[in-house]
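Let's take a walk through a protein together. Have a look at the sequence and the 3D picture first, and then we can go step by step.

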Amino acid sequence: MAEGRNRARIQRFGSHLSGMIMPNIGAFIAWGLITALFIPAGWWPYAPLAALVGPMIIYLLPLLIGFTGGRLVYDFRGGVLGATATMGVIVGSDIPMFLGAMIMGPLAGYLMKKIDQLFLDKIRAGFEMLYNTFSAGILGAILAGIAVLGVGPIVNSLVNSLANGVEFTVNNGLLPLASIVIEPAKILFLNNAINHGFLSPLGVEQAATNGKSILFLLETNPGPGLGILLAFTIFGKGISKSSAPGAIIIQFLGGIHEIYFPFVLMKPLLVLAVIGGGMSGVFTFVLLDAGLVATPAPGSIFALLALTPQGNYLGVVLGVLIAAAVSFTIASIILKTTKDVEEDLTVATGKMEEMKGKKSSASEFLTPGAATTSDGDVLHEAGVVTSAPGIKATEDVRRVVFACDAGMGSSAMGASILKNKFKKENIDIPVTNTAISQLPEDADIVVTHKDLTPRAKEKLPQAEHISVENFMNSPEYDKLAQRLKK
């Protein structure tokens, strides 16, 4: 029980970190591409454009993170304070302040929110604008000053210590051992906390100095997952065997790694395969001095190749292929030698989503059919539970929103499927996706994984909430489309 609560806390923490990073991934990739192309060691060295590299990593990216972190806590007002406070840690440090931005952004938003709760209702009519501008200005100035004199130097020292630890690990050939933690953590949905909270900030610092970083390849390598799915394609049985080839496309090309997690959960011994694949891939990256210029998101082979600097393609490609080969070999042995009592894929997918704490859009691809929720609610054939009391009248539905933890992977897939259904039925209702923490007030129908629905209802109680068991399963979307068409 305590273990589950601790895992949930870490997952929530990782979700918050990814909520600051993921919306800004486009800016990170833009910086990475400019770095790969135009710095002196790039493909086409060009000083005027290479001049963008320094200001973007020192100012633009941390300020975006700080703004996003503040906005997550207290909307636009919190975002402005978050960016202001982040400027303080930037000035108070001589390295890129990503960790500082992750601290100061949410902190500034939180403090502004608390101050408003204390004083806003006490402001006399006509003085609201004066209060709003000066309270934010005074708090912003104080936080920026504290960040310059205190937080910046402390975080600077912390990051340097972590960087020295990483350098020691690499120099002594210990980095492959990181896969012993990273690969099982991915299965437990702790990857956001590891990748966005630790690897990416340190990787960006290394890339700013060396033009690349191996840290960007540790968690995002699609090779171990590819090996698992290939083994099931050849040696699997039943639904797992038939689902694996399609899952390969989603995982390896689309970059949504969670599609292979249920396969590992069916036979927990397979965690040895992903650990072996991860370690062999990292060893290859270290041996060939491979790295990327920025964080690939999602972890698609296309994203990896797009962010590979000149002279590193052999190392990156071999690292992915060797990881896949080792993972495939170990997984094949396990599948061929263990007793044929493997757990049903539907059950394993449910276990995955229970650990994730939310609906997985990728899992819809794996588990068609009816099911029952843990509290006894009967699911429709397509795996969706809707409670009659909260159903919106058709004429009142003006927007449908899919929500997941980060608002990028599962929810994007589900929204794409429903958009196509609506388009075929000529239904002119917008379908969007977002992080559950950023659900818009004007959402009339909110679609989430059943484990995320309580959080969605707490965030937006006035909306109709649909709990989905399988985001890739189309029949229930057809029912919703027919209902809204009428």
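This is a predicted model: local features need pLDDT of at least 70, side-chain atom pairs count only at pLDDT 80 or more; totals for chains, interfaces and linings use all residues.

Now try the rule on helix H14, residues 313-337: its 25 residues should span 36 Å, and its end C-alpha atoms are 36 Å apart, which agrees.

Which residues of H14 are buried? They are Gly315, Val316, Gly319, Val320, Ala323, Ala324, Ser327, Ala331, Ser332, Ile334 and Leu335. An α-helix has 3.6 residues a turn, so residues three or four places apart point the same way. The buried residues of H14 pack against helices H9 (223-235), H10 (238-253), H12 (271-287) and H13 (301-306).

In the largest nonpolar core, which has 91 residues, Ile228 joins Trp31, Ile65 and Phe232 as the members that touch the most others. Helix H4 (residues 53-91) gives this core its largest share, 10 residues. Apart from this core lies another of 18 residues, including Ile429, Val431, Val447 and Tyr477.

Finally, look at the backbone. Most residues other than glycine have a negative phi. Aspartate 75, in helix H4, has a positive phi of about 55°, and it is exposed, with a relative accessible area of 52%. Asparagine 426 also has a positive phi, of about 60°. You will find asparagine 426 in the loop between helix H16 (410-424) and strand E3 (431-435), where it counts as exposed at 72% relative accessibility.

Methods. Residues are numbered from 1 along each chain as its sequence is written. Side-chain values use heavy atoms; hydrogens and water are left out. A nonpolar core is a set of buried Ala, Val, Leu, Ile, Met, Phe, Trp, Tyr and Cys residues joined through side-chain atoms within 4.5 Å. Buried means under 20% relative accessible area, exposed over 50%, partly exposed in between (1.4 Å probe, protein chains only). Helices (H or I, at least four residues) and strands (E, at least two) are DSSP runs, numbered from the N terminus. The expected span of a helix is 1.5 Å times one less than its number of residues. Contact means heavy atoms within 4.5 Å.
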